[in-house]
Amino acid sequence: MKLDPATIVLMSTLMTGAMCVVMFSAQRSFPQSVQGLREWVTGMLGLILASGLFALRGRVVPELLLPVANSVLLCGVGMLLIGTQRFYGVRPSWRLFHLVWLLGLLVMLCWLYLRPDFAMRVALFSFLMLALHAAQFLVIARHGERHISTVFFGLLALVQTLSMLHRGLSALQEGGAGSDILHGGPHHSLYLAILAFMTLLLPVGFMAVATRRLQTILEQHSNHDPLTAVLNRRGFAQFHARVSARLRRAEQSLAVLSIDLDFFKAINDRHGHAVGDLVLVDVAGVIRSVLRDSDAVARFGGEEFVVLLPDTQLARAELVAQRLQDTLRQPRPDAALPRYTLSIGIACQAGGGETLDSLLLRSDKALYRAKQLGRDRVEVAEKAPASLQQQHHICLH
């Protein structure tokens with residue numbers, strides 16, 4: 001059964017409307033950090049409006065209808081590009097956006113009024129659409145993460161780009177035959193199929209990458225401390241599980257630093273909790289500044305921080321602790337923050353069989369001893385019980 005071209009265009013419009021509702025709902029519920037949804041909704045509304053205008057053919061003078069309808073169509077596709085760029089944090093190409101729809105209007109006026117030439121009109125309009133879709137594909141290819149949702153979205157943009165290229169070249173070679181979607185031709189079935197599927201699949205592809213971004217954000221929020229942006233207990237435990245499994249296979253070392261801010265209550269009482277929060281943020285930044293990319297720091301609540309140092313023996317763990325305290329003893333760039341000191345306890349993993357709780361308990365005991373001995377100092381934990389030792393000691397005192 002062969003569908004009427006107008007019926008397929010109508011189905012595409014209805015699918016666009018349905019996806020527009022989905023996008024609008026997502027835009028209202030997704031966090032503001034997921035950008036681009038509003039522009040996609042605007043662009044899809046533009047596509048719906050353009051489809052409605054094209055449906056008026058035969059009722060409105062073509063010389064008036066076609067320039068407006070095609071300009072609206074180009075604006076709609078252009079907004080999809082702008083939305084994609086905003087999603088990936090790329091500066092929106094507003095110059096390209098306005099240049100394309102203005103050129104599209106000029107093409108329609110020139111080859112519709114001055115020099116009527118249907119083939120040239122279709123070819124140039126297809127190449128303008130090609131510019132927008134190609135720009136969208138390049139944004140996805142350059143800035144998209146390595147994930148199946150990005151590959152899917154990128155392939156859809158590439159298919160759309162190639163279809164516009166094929167349509168433009170066909171219009172030039174065949175004098176426009178088959179390029180008028182509503183009036184048939186040798187390629188009209190291909191164009192209608194691409195139009196129907198891409199109308200639905202492109203928004204689906206964008207929603208896939210947007211949902212992936214939302215999932216990443218939610219995971220980050222569940223694994224990170226909202227004030228200092230370092231890991232929380234849950235994120236620290238997950239990081240330790242990944243690292244310890246790898247280190248156990250490679251028989252490498254592991255060290256933990258338990259860090260506590262000295263006299264933090266006095267800072268809050270004297271300067272207020274707002275300043276106290278700034279101090280905690282500063283502590284997190286100072287700790288990160290002395291760590292490697294492979295290390296991790298977490299806030300365990302209040303003024304307590306824990307650092308995990310993979311592939312680290314005691315000598316380096318003590319060096320990191322000393323560098324941390326030396327940094328705090330230097331003149332600080334932010335003179336508005338009160339001076340503060342840290343007490344640090346160090347524990348090295350005694351063997352692959354020692355649990356995270358046991359390791360943290362030993363580093364906490366060393367931290368408590370540093371507090372008792374006057375604060376602003378580093379203490380090393382005692383060795384773990386013999387039951388946790390393996391043939392190859394991971395930490396050498």
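**Entry 1: the model and the count**

I am working from a predicted model. I searched the whole structure for salt bridges and got 13. I followed up some of them below.

**Entry 2: E39 and R86**

I looked up E39 first. Its side chain meets that of R86 in a salt bridge, at 3.1 Å from N to O.

Next I asked how accessible each partner is. E39 has a relative accessible area of 7%. That is under 20%, so I noted E39 as buried. R86 comes out at 28%, which I noted as partly exposed.

I then checked for further partners. R38 belongs here too: R38, E39 and R86 are linked in a network of salt bridges.

**Entry 3: R329 and its two aspartates**

Which side chains does R329 meet in salt bridges? I found D326, at 3.6 Å from N to O. I also found D376, at 3.3 Å from N to O.

The D376 bridge ties together parts that are 47 residues apart in sequence, because R329 lies in helix α11 and D376 in the loop between α12 (356–372) and β5 (378–380). D326 and R329 are both in α11, residues 314–329. They are 3 residues apart, so about one helical turn separates them.

D326 has 33% relative accessibility and is partly exposed. R329 has 42% and is partly exposed. D376 has 27% and is partly exposed as well.

**Entry 4: K371**

I moved on to K371, which lies in helix α12. Is this lysine buried or exposed? Its relative accessible area is 17%. The cut-off for buried is under 20%, so K371 counts as buried.

What does the K371 side chain contact? I found a polar contact with the side chain of D262, at 2.8 Å. I then listed the residues that K371 touches, leaving out those up to four places away in sequence. They are D260, L261, D262 and S343. D262 is therefore on the touch list and is also the polar partner.

**Entry 5: recap**

I have E39 buried and bridged to R86. I have R329 bridged to D326 and to D376. I have K371 buried, with its side chain in polar contact with that of D262.

Definitions and conventions: Residues are numbered from 1 along each chain as its sequence is written. This is a predicted model: local features need pLDDT of at least 70, side-chain atom pairs count only at pLDDT 80 or more; totals for chains, interfaces and linings use all residues. Side-chain values use heavy atoms; hydrogens and water are left out. A salt bridge is a side-chain nitrogen of Lys or Arg within 4 Å of a carboxyl oxygen of Asp or Glu. Buried means under 20% relative accessible area, exposed over 50%, partly exposed in between (1.4 Å probe, protein chains only). Helices (H or I, at least four residues) and strands (E, at least two) are DSSP runs, numbered from the N terminus. A polar contact is a pair of N or O atoms within 3.5 Å; within protein, one must be able to donate a hydrogen and the other to accept it, and residues adjacent in sequence count only if both atoms are side-chain atoms. Contact means heavy atoms within 4.5 Å.
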